[in-house]
Amino acid sequence: VAAVASARLAETTDANVRAAASSADGLAEIITRVSGYAPATRLSPASNLTTDLKLDSLGRVELLGALEDRYQIEIDEAAFTAATTLGDLRRLISRGERESTDADRVAGEVGPTATAHEGVASDRVAPYPYPRWARRFPATWIRIALLHLVVFPLVRWMCPLRVEGRERLARLGDGPALFVANHVTRADQALVLAALPARRARRIAIAMDGELLRDWRHAPPGTPLVTRLLGLAQYALVVLFFNVFPLPKKSGFRRSFAYAGESVDLGFDLLVFPEGARAGEGRMNPFMAGTGLLVRELGAPVVPVRLDGLYQLKREGRRHAQPGEVTLTFGEPVRFGEEEAGEIAKELERRVGSL
């Protein structure tokens with residue numbers, strides 16, 4: 001009997017080891033495919049999905065979808081934060097598999113503190129704001145007035161642009177498009193709007209740092225009243241002027257993804273800065289793979305946009321440019337099919353870099 005029990009225990013152990021190895025291999029393959037970082041199997045459990053694998057928020061959309069399809073589980077989006085490591089991710093998958101096979105037992109064992117117990121941070125402090133009011137009357141009419149009375153005159157005064165390739169936009173037709181641009185300064189959004197034909201500048205939604213936008217709208221507990229009011233005013237003005245929406249680095253990115261699609265369905269163009277941060281040293285940062293996922297899912301034509309001359313101004317600390325010192329170039333519109341998200345992002349990076 002002891003021999004039989006020992007043999008069964010060995011078989012069970014071997015099966016568990018094989019299952020764990022298969023799960024690890026599957027996870028490594030998925031992460032390698034989504035992030036473009038290879039080989040993922042050499043990364044440690046402490047490797048961070050953001051800092052080590054360079055996954056932006058939209059890249060996590062693809063990763064979450066791939067993991068849920070591969071393992072037939074649901075992963076809590078709020079637990080998928082910027083601090084998530086490969087070890088945390090494996091625990092989330094393991095927990096999801098336990099829930100799918102024995103929901104009643106897990107319901108009794110996994111309580112509200114399970115996320116903290118598993119070592120995965122929760123990010124439910126405040127919701128990300130999705131200002132749908134900015135896409136409706138009277139906000140749309142007020143924005144038109146503000147653009148022509150405030151934004152465009154300021155751009156002409158402080159940074160008179162030389163615009164090249166605007167004739168290429170005629171090939172877009174009347175439908176919405178996705179503009180992807182390199183990112184150098186805080187004024188990049190205003191410069192792109194000033195270079196666009198008026199019809200498109202009036203109906204465009206701009207992706208913005210989700211955490212910053214949320215902190216303006218929902219100040220953290222303990223924030224002084226004056227700071228809280230200033231944040232609310234800044235939030236309202238930025239949304240009203242530029243029709244921004246949050247693109248979070250932490251949880252909530254799937255909702256942001258859906259909001260972008262909703263805007264396109266309503267006839268709005270989109271402006272995205274795929275580098276994820278303003279470039280330094282005069283060189284572009286690599287484009288995040290998540291931008292490729294957005295392009296693929298929207299199915300809209302994509303226009304590469306390049307800003308040149310701003311880094312020199314920033315390095316010298318100048319706030320005013322000479323006429324023609326800064327150039328904005330529109331590239332040829334391009335459509336993508338079913339290419340991998342990473343391939344799309346790399347091709348867009350190449351196109352912007354070559355303008």
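The structure is a predicted model: local features need pLDDT of at least 70, side-chain atom pairs count only at pLDDT 80 or more, and totals for chains, interfaces and linings use all residues. Residues are numbered from 1 along each chain as its sequence is written, and side-chain values use heavy atoms, with hydrogens and water left out. The protein chain holds 14 helices and seven strands. Helices (H or I, at least four residues) and strands (E, at least two) are DSSP runs, numbered from the N terminus.

**Whole chain**
- The protein chain has 355 residues, and 47% of them count as buried. Buried means under 20% relative accessible area, exposed over 50%, and partly exposed in between (1.4 Å probe, protein chains only).
- Accessible areas come from the Shrake-Rupley method with a 1.4 Å probe; for residues, only the protein chains shown count as cover.
- Among contacts with a separation of 6 or more, 77% join residues 24 or more positions apart. A contact means heavy atoms within 4.5 Å.

**Surface patches**
- Patches are made of residues with over 30% relative accessible area and no salt bridge; like charges are joined within 9 Å, nonpolar side chains (Val, Leu, Ile, Met, Phe, Trp, Tyr) within 5 Å. A salt bridge is a side-chain nitrogen of Lys or Arg within 4 Å of a carboxyl oxygen of Asp or Glu.
- Leu149, Val150, Leu154 and Trp157 make a nonpolar surface patch of about 440 Å². Val150 sits in helix H6 (residues 139–158). Val150 is partly exposed, at 33% relative accessibility.
- A patch of negative charge on the surface gathers Glu338, Glu339, Glu340 and Glu343. Lys and Arg count as positive and Asp and Glu as negative; His and the chain ends are not counted. The place of a charge is NZ of Lys, CZ of Arg, CG of Asp or CD of Glu.
- Glu340 lies in the loop between strand E7 (326–330) and helix H14 (341–354). Its relative accessibility is 33%, so Glu340 counts as partly exposed.

**Arg171**
- Arg171 is in the loop between strand E1 (161–164) and strand E2 (178–181). Arg171 is exposed, because its relative accessible area is 54%.
- Not counting residues up to four places away in sequence, Arg171 touches Glu332 and Pro333. Arg171 and Glu332 are 161 residues apart along the chain, yet their C-alpha atoms are separated by 8.5 Å.

**Helix H12**
- Helix H12 (residues 289–298) is mostly covered, with eight of its 10 residues buried. Among them are Leu293, Leu294, Val295 and Arg296.
- Gly299 follows H12 and has a positive phi, near 70 degrees.
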